[in-house]
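Please look through the sequence and the model below before reading on. The paragraphs that follow will lead you from one part to the next.

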Amino acid sequence: MRPDLPLFPVQGSAEAGQVDLLFLATVGLSLFFALLVSSLLLAFAIKYRRRPTDKPPAPIQGSHALEIAWMVVPLILAMATFVWGADVYFRLNRPPDDTMTVNVVGKRWMWKLQHPSGRREINELHVPVGTPVRLNMTSEDVIHSFFVPAFRVKADALPGRYTTVWFKATRPGRYHLFCAEYCGTQHSGMIGWVEAMEPEAFQAWLAGGPAEVSMAAAGERLFNDLGCVACHNPNSGARGPRLDRLYGSQVKLASGEGLIADEAYLRESILYPAAKVTAGYQPVMPTFRGLVNEEGVLELIEYLKSRVAGQAGEPAPELRPAAPPPERKPQP
Amino acid sequence: MSDRTPATHYLNVSYGIRSWLFTRDHKRIALLYLASVTLMFLVGGSFAAMVRLELLTPAGDLFQADTYNKIFTLHGIVMVFFFLIPGIPAVLGNFLVPMMIGAKDLAFPRLNLLSWYLFNLGALFTLFNIVIGGVDTGWTFYTPYSTTWTTTNIVPVALGIFVTGFSSILTGLNFIVTIHKMRAPGLTWFRLPLFIWAHYATSVIIMLGTPVLAITIVLLALERVFHLGFFDPALGGDPVLFQHFFWFYSHPAVYIMILPAMGVISEIVTCFSRKRIYGYPFVAASSLAIALLGFLVWGHHMFVSSQSVFAGLVFSVLSFLVAIPSAVKVFNWTATLYKGSISFETPMLYVFGFLGLFTIGGLTGLMLACLGIDVHVHDTYFIVAHFHYIMVGGTVMGYLGGLHFWWPKISGRLYPEGWGRLSALIIFVGFNLTFFPQFILGYLGMPRRYHAYPEEFQVLNVMSTAGASILGVGYLIPLVYLVWCMRDGKVASSNPFGATGLEWQTPAPPPTENFPSPPRVTEEAYAYDKIPIPGGGAYAG
């Protein structure tokens, strides 16, 4: 039996090369200092080993110049490494604009993923090569961490908020997906695969599988079922702000602050509506905590995203009022 | 100075179990601590052995997943809180701080004894809860897993750590007051042995950091028992807040572990090269610099925990800065050897081991401080390897080196030199075989705390387990001969290594009051140019 002994991980993404270059540079730097120290130790240990005729060695007072030198030189090298590392970190943290989003919910002990098209996966993620993929992640219970060694990316998935990780696969292949944050009994079983595919194969895969409605359509159904539309429509007497074209836009809050309506803001506004009230509106929205789970929230967000995703120049489709369900009639 | 064992000394001045359990002599309390931490080391070591045995094969086939999770958790808790943190300060520090500064005892002998009782109370409480069910969160107790989801004995174990924290605080307080108020006439701050500077810096960290851990444990217990929402988002809390609190103590705790070992290294390297320390003020100040900077880097544990990019930058740059005082120490120790007269008794072998392993641990620490690299290796075996190079390669090497160096003073007997050198060598080889493959495993992507793992990681794991068995043998040998030689070893002279320092100017073992007459200090530490080199084979243990 030939033992399988990999010594370096495969590079499956564009970022992997950048991280590896940085890593190998610091390994080189470390080797230099480790060899410097150990060869000096060895040389001194041999050259100045005790001989029977030794007299007490003359004392050597330190040298300020030397002390400063071995503070300043490592400091310069450390700062250079810091800057390089920060630069790579920026790139790992800033997804490009043209990403494809996949929603991820961590749950003890599985990864539940859903593509905007509606296709769901568990512990597997299919992605096309050459397209930047952004994962919008949360957790239903404890902290998990989404880790794909071949892509050199990792980010925690936390309960109660969204976190993001992105990558661009460059090579078709099947890569390990690990949970890297300890999450209980089956932590080491919360693993899976990322399948990077050629774009055509990916499209074929996405179209295959069981027929499912898109996340946006599922979100629209929820939007109606939960009665959101009763207030969030232009004819509601402005109880709630209009939501079409909201995602990605600038929002002015009653507190005077402004923000960009991202996924985290939308999630918070559904579950904790009083946290950030839009300027000009009363804090009358009830919370939907307990009425909609994390996956439902993600669908609602996909629906809101779809309201801005029309063709350039084409007006975004209106949020169409449907018959509100009787149990959630707006308060007079 | 007498080369004969004195008729009465601290070990035989009184007999019986009560004379030990109610002693206020810092030297006896040091030995009590030695017994306690050695026991905890054996417990923690047994857990380590079980971890390595499970990881021999990719499948999780030796223990159930829940059992394995408890084992690695307890390995961490026992080793960190009950061995590494108290180890050098409570044993060597307790014994040596008063002796090195020419004092009769610590400032508060009763508090010192109380500290030992608190330690044992916490340790026994923790061990009891291991027996009746254990705890499975990892030693880091991350929320909301620890407060809401796990079903194991979180609160009792955390309470054990809480109580033990107070034993640390009392020891730190005692050291600070003692070092300020009880130095012998003439022993100015810049004549202090660097062991004292290291313990002073350590005590400052203990006093400032440990209360934060205590508060964090209280918040954890309040959330778990009364569902007050501090950390669990379902209760309105913030899980990352816990990580901030936890690491605000637990990162400086790493310096609580390593600084005393650095103090030991300064004492040994000077003695066995017959040289003054190179750059005394820089070595002394670097201890304080490490203590200060150590409080400002906790966020480097959270580079992938949703912390902002800006916070990541700040914590990264501060973490890089810690490297400078650490490098200053390594360079000065190396320079101390220059033009020395170097001999290679067991304590010195541990110094060489320390310098090599700590250097690797420190340099890989820089890789982890580097944001772009940390994202990939965070929570993998790379981290595990790195902190074992610091804590085991650094702290334990320093601890064993110090234990051998001062053993003739503590016991009045010489340890067997041949066995000493052999075990130091075995430990060095075993250590590297255990932990070096873990750097490679980590960069390959093997996450830590995995009960089962993909097959391609097996060869490196087998190497690691093989190394651990060698390491285990290396640790057992000194345990046997150090105990053996207390009764049957050759009688030691009061200063078998020909070392400077007040602790060597009193008989071995010392009398209860340490010094027959109060010493007076007239020169700097490490005046090795003024005393003869001990003759060939003077140390013939």
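Predicted model: local features only at pLDDT ≥ 70, side-chain atom pairs only at ≥ 80, totals over all residues.

Which residue in S5(A) does A:Val105 stand opposite? In S5(A), A:Val105 stands opposite A:Thr138. Residues are numbered from 1 along each chain as its sequence is written, and chains are lettered from A and ligands numbered from 1 in the order in which they are written. Helices (H or I, at least four residues) and strands (E, at least two) are DSSP runs, numbered from the N terminus.

The strands S1(A) and S5(A) pair in the parallel sense over seven bridges, where two strands are said to pair if DSSP finds at least two bridges between them. A:Val105 also stands opposite A:Lys112 in S2(A), and the strands S1(A) and S2(A), which run antiparallel, are joined by five bridges. On S5(A), A:Leu135 has A:Val165 in S8(A) as its bridge partner, and here the pairing of S5(A) with strand S8 (residues 163-168) of chain A is antiparallel, over six bridges. These pairings belong to an open sheet of five strands in chain A, with the order S3-S2-S1-S5-S8 and mixed pairing. Strand S3 (120-122) and S8 of chain A stand at the edges with a single partner strand each, so one side of each has no neighbour in the sheet. On average, neighbouring strands of this sheet are turned by 25° against each other, direction ignored; such angles run from 0 to 180 degrees between N-to-C directions, and the axes are lines fitted to C-alpha atoms, for helices over the stretch in contact.

Strand S5 (residues 132-139) of chain A is mostly covered, since six of its eight residues are buried. A residue is called buried if 20 or more other C-beta atoms lie within 10 Å of its own, exposed if 12 or fewer do, and partly exposed in between, with the C-beta atoms placed from the backbone.

Chain A has another open sheet of five strands, in the order S4-S10-S9-S6-S7, and its pairing is mixed too. Strand S4 (124-128) and strand S7 (153-157) of chain A stand at its edges, and because each has a single partner strand, one side of each is left without a neighbour in the sheet. From one strand to the next, the twist averages 20°. Within this sheet, strand S9 (residues 173-179) and strand S10 (residues 192-197) of chain A run antiparallel and are joined by five bridges, and A:Tyr175 stands opposite A:Val194 in S10(A).

Chain B is built from other elements, with 15 helices and zero strands. Its radius of gyration is 23 Å, close to the 24 Å that the globule rule gives for 541 residues, so chain B is as compact as a globular protein of that length; this radius is taken over C-alpha atoms, and the rule is 2.2 Å times the number of residues to the power 0.38. The C-alpha trace of chain B spans about 70 × 45 × 45 Å along its principal axes, and 64% of the 541 residues of chain B count as buried.

Two of these helices, helix H2 (residues 26-54) and helix H3 (residues 65-100) of chain B, pack at an angle of about 155° with their axes 8 Å apart. That makes H2(B) roughly antiparallel to H3(B), a term for angles over 145 degrees, whereas angles under 35 count as roughly parallel, 65 to 115 as roughly perpendicular and the rest as oblique. Between the chains, the axes of helix H1 (residues 14-47) of chain A and H11(B) come within 10 Å and cross at roughly 160°, which makes H1(A) roughly antiparallel to H11(B).

Finally, some backbone details deserve a look. Most residues other than glycine have a negative phi, and most peptide bonds are trans. B:Asn514 has a positive phi of about 75° although it is not a glycine, and B:Asn514 is buried, with 22 other C-beta atoms within 10 Å.
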